[in-house]
Amino acid sequence: MKLYYLQGSCSVVPHTALYWLDADFEAYQTPRDYLKSPEYLAKNPAGSVPTLEDGDFTITQNIAILTYLDAKFPDAELFGAKNNLQQRALAYRWLAYANSDIHKQFTPFFSTPGFIEGDQALHDRVKKAAEQSLIKSYKIADDHIANREYLIDQICIADIYLFVTLRWAKLVKLDLSQLANLQAYYERVAQFEPLQKALQAEGIRA
């Protein structure tokens, strides 16, 4: 298998999954200009990461990639106990939360939305609004893990995605100090060996 990734992006999640599975894979740090090349767009028309190739099969989008890997390596239990339907449903719930509710709110921090191009004052207001919205969204997870170690009864791939977004929060200096449960949770998930391997391979730190 071959994973196309950008350093520190959401592709850290399937990168971690591949180490978790002890899979035979190659991780390719994708140059940004290659993302818009005809060759890459033929693999991923969105020009984004992650993209996973498995022989002649190509799959994009985190949730699709992770679902595929879980089905291919069920014993690894990326989504919790393989025979516990309710636990797996909850893992998917939290994966969707990290992927949809949290991830998209970081857009103003990493790029300038087209509708505010050239208006720095508006961009600053949008970022401030995003900060407040992210804190509100993160409180859902903070409350949930008040009396638990992970999002479900065991570490799952949703924990890795949430960790990645919390790392972004640190990079953009988002003040989450009032969410003490998440602070401890971040340090706990950071100790997970497959995640450590992925971070090391990408040359980044928790």
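A residue counts as buried under 20% relative accessible area, as exposed over 50%, and as partly exposed in between, with a 1.4 Å probe and protein chains only. The model is predicted, and local features need pLDDT of at least 70, side-chain atom pairs count only at pLDDT 80 or more, and totals for chains, interfaces and linings use all residues. Residues are numbered from 1 along each chain as its sequence is written, and side-chain values use heavy atoms, with hydrogens and water left out.

**Cysteines**

- C10 counts as buried because its relative accessibility is 9%.
- C156 also falls under the buried cut-off, at 0% relative accessibility.
- The structure holds zero disulfides (a disulfide being a pair of cysteine sulfur atoms within 2.5 Å).
- C10 is in no disulfide, and the nearest cysteine sulfur, that of C156, is 17 Å away.

**Domains**

- The domain assignment gives domain 1 (2–77 + 198–202) and domain 2 (85–192); such bounds come from an automatic or database domain assignment.
- The centres of domain 1 and domain 2, taken over C-alpha atoms, are separated by 21 Å.
- Across the two domains, 15 residues of domain 1 are in contact with 17 residues of domain 2, where contact means heavy atoms within 4.5 Å.

**The largest pocket**

- Pockets and cavities are found on a 1 Å grid over the protein atoms alone: a cavity is a set of points where a 1.4 Å probe fits but cannot get out, whereas a pocket is an open set with protein on both sides within 12 Å along at least five of seven lines. Lining residues have an atom within 4 Å of a point.
- Grid points are joined across faces, edges and corners, and a volume is the space filled by probe spheres set on the points.
- The largest pocket holds about 740 Å³ of space. Its lining has 26 residues, of which L6, S9, C10, H103 and F110 are the closest to the centre.
- Helix α7 gives the most to the pocket lining, with four residues.
- By class, 11 nonpolar, 11 polar and four charged residues line the pocket. Ala, Val, Leu, Ile, Met, Phe, Trp, Tyr, Cys and Pro count as nonpolar, Asp, Glu, Lys and Arg as charged, and the others, Gly among them, as polar.
- The pocket lies between domain 1 and domain 2, because both give residues to its lining.

**The largest cavity**

- One cavity of 30 Å³ or more is found in a search of the whole structure, and the largest cavity contains about 30 Å³ of space.
- Its lining consists of G8, S9, V12, F163, V164, R167, L199 and I204.
- Helix α7 (residues 157–171) gives the most to this lining, with three residues.
- Five nonpolar, two polar and one charged residues make up the cavity lining, and at least three residues come from each of domain 1 and domain 2.

**Helix α1**

- Helix α1 (residues 12–20) is largely enclosed by the rest of the structure, because eight of its nine residues are buried.
- The buried residues are V12, V13, P14, H15, T16, A17, L18 and W20.
- These buried residues pack against β1 (2–5), β2 (26–29), β3 (51–54), α3 (62–72), α7 and α9 (193–202).

**Helix α4**

- Q87 is found in helix α4 (residues 85–102) and is buried, with a relative accessible area of 7%.
- Leaving aside neighbours within four places in sequence, Q87 is in contact with F79, G80, A81, I152, D153 and Q154.
- A89, also found in α4, is partly exposed at 45% relative accessible area.

**Backbone geometry**

- Most residues other than glycine have a negative phi, and most peptide bonds are trans.
- The peptide bond from V49 to P50 is cis, with omega near 5°, and P50 lies in the loop between α2 (38–43) and β3.
- Q61, in the loop between β4 (57–60) and α3, has a positive phi near 75° and is exposed, with a relative accessible area of 53%.
- K173, in the loop between α7 and α8 (180–190), has a positive phi near 60° and is exposed at 73% relative accessible area.

Technical notes. Helices (H or I, at least four residues) and strands (E, at least two) are DSSP runs, numbered from the N terminus.
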